[in-house]
Amino acid sequence: MKFTCEKQALLSAVTNVSGAVAVKNGIPALEGIFINADNDGVTLTGYNLELGITSHIDAEVSESGQIVLGSKLFGDIIRKLPDDSVTVTTDESLLVNITGGISDFKIIGLSADDYPDLPDIDGNESFTIKQNVLASVISQTVFAVSDSETRPVHTGCRFAVDGSSLTVAAVDSFRLAVRNETVISSGSFDFVAPGGSLKEAVKILADSEEDVKVTLGRSLIRFEMGDNSLITRRLEGQFLDYERVIPKDASIKVVIDRSSFASCVERAALIISEKYRSPIRCTFGHNKATMVAATALGSSKDEVFISGDGKDMTIGFNSRYMLEALKTAPTGELLLEMKDSGSPIVIKPAEMDDNSFLFLVMPIRLSN
């Protein structure tokens with residue numbers, strides 16, 4: 001095998017597929033990157049039996065062939081090479097020669113015969129969405145997936161497609177994130193994609209108007225993103241009927257500036273840590289919110305302007321969960337809806353006709 005390509009293109013492909021390379025596996029080949037060179041160019045693959053990523057690059061292929069190279073070493077070499085063209089050559093003894101500028105490396109590869117094939121998608125249900133939009137949709141929900149394996153289905157995001165409408169939701173015991181968007185679809189269907197796989201997809205998705213096609217199979221999901229493809233397993237199980245936990249009769253509604261409110265939470269939380277945990281006690285008054293926290297390290301108090309009357313209702317919340325919701329929200333002004341101190345805090349766009357997202361943060365019971 002012998003091919004020559006641009007360093008940046010090869011480095012980008014290596015970075016993309018490395019997220020799917022197995023860290024430790026009984027099949028040594030899966031701990032490396034599979035490289036296939038043919039008349040169409042060069043395709044790199046990372047696969048850990050649950051997640052597979054392929055990335056295709058243009059290259060001048062002098063001799064077709066296949067090889068598996070250690071992900072970390074190969075990536076480190078390409079990353080440190082001069083910004084020039086890179087030539088990769090292999091021989092029958094699996095010795096790999098990598099050259100770029102005046103730099104020259106020789107490393108030992110693994111036989112491609114031991115690398116398993118990626119599974120095929122056996123379904124035809126799909127939807128199409130812009131790459132930058134899907135990246136936004138995932139980023140604004142995946143932070144809320146559960147990290148507990150008690151209910152594996154909640155370690156992923158639920159995608160519900162109904163004609164041209166897409167709703168993506170993530171939930172754990174303490175919060176909920178819902179994002180709505182318009183898509184072009186083949187019909188109506190739903191599935192749950194693992195949170196880890198979606199985080200890898202965000203790294204690959206381009207900040208562009210180019211389309212990404214998402215195809216659903218019986219047990220797999222495929223994301224086709226330009227020259228990159230990601231295949232992941234579906235999560236099975238009954239996803240929470242989250243509509244039931246969203247309060248419908250909030251008695252208190254106030255408008256906040258996202259940045260100012262988040263800064264106030266951050267300041268109040270400075271005395272909170274993993275070792276010294278405590279909720280933030282927030283009292284919503286007339287046109288202001290007062291935040292108080294206390295731990296063994298000391299106490300804090302801060303205030304921030306709000307628009308509306310909170311009727312002096314006091315509610316406790318986890319500062320990290322609140323900050324993740326605030327910083328993920330795509331708009332500057334947000335509407336907070338609350339029923340009472342024991343009910344969730346609902347975060348929506350301040351614009352009444354905007355239903356693009358909804359975040360929910362569960363309250364923490366406060367002691368006297």
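Which residues are buried in helix α2 (residues 71–80)? They are S71, F74, G75, I77 and I78. This is a predicted model. The chain has 368 residues, and 49% of them count as buried. Its secondary structure comes to 6 helices and 24 strands.

**Overall build**
- Along the principal axes, the C-alpha atoms of the chain fill a box of roughly 75 × 50 × 35 Å.
- Consider the contacts in the chain with a separation of 6 or more: residues 24 or more positions apart account for 66% of them.

- The buried set in α2 is S71, F74, G75, I77 and I78.
- Viewed down the axis of α2, these buried residues fall within an arc of 160°, so they line one face of the helix.
- An α-helix has 3.6 residues a turn, so residues three or four places apart point the same way.
- K72 and K80 are exposed, on the other side of α2.

**The nine-stranded sheet**
- An open sheet of 9 strands runs in the order β6-β2-β3-β4-β18-β17-β16-β10-β14. The pairing is antiparallel.
- Its edge strands are β6 (65–70) and β14 (184–185), and each pairs on one side only.
- Within the sheet, β3 (residues 41–47) and β4 (residues 51–57) pair in the antiparallel sense over 6 bridges.
- In this pairing, V42 stands opposite I57 in β4.

**Helices across the strands**
- Helix α2 lies across β2 (32–38), β3 and β6. Its angle to β6 is about 95°.
- Helix α3 (residues 131–139) lies across β10 (125–130), β16 (211–216) and β17 (220–225). Its angle to β10 is about 100°.

**Helix α3 against helix α4**
- Helix α3 also packs against helix α4 (residues 195–204), at an angle of about 145°. The axes of the two helices are 9 Å apart.
- The crossing of α3 past α4 is left-handed.
- From α3, the residues that meet α4 are Q131, A135, I138 and S139. From α4, L198, V202 and I204 meet them.
- By class, this contact of α3 with α4 has 5 nonpolar and 2 polar residues, and no charged ones.

Key: Residues numbered from 1 in each chain as written. Predicted model: local features only at pLDDT ≥ 70, side-chain atom pairs only at ≥ 80, totals over all residues. Heavy atoms only, no water. Buried < 20%, exposed > 50% of the residue type's maximum accessible area, 1.4 Å probe, protein only. Helix = DSSP H or I, 4+ residues; strand = E, 2+ residues; numbered from the N terminus. Arc of directions from axis to C-beta. Pairing = 2+ DSSP bridges. Contact = heavy atoms within 4.5 Å. Axes fitted to C-alpha atoms, helices over the stretch in contact; angles between N-to-C directions. Left-handed = near helix turned anticlockwise from the far one by under 90°. Nonpolar A, V, L, I, M, F, W, Y, C, P; charged D, E, K, R; others polar.
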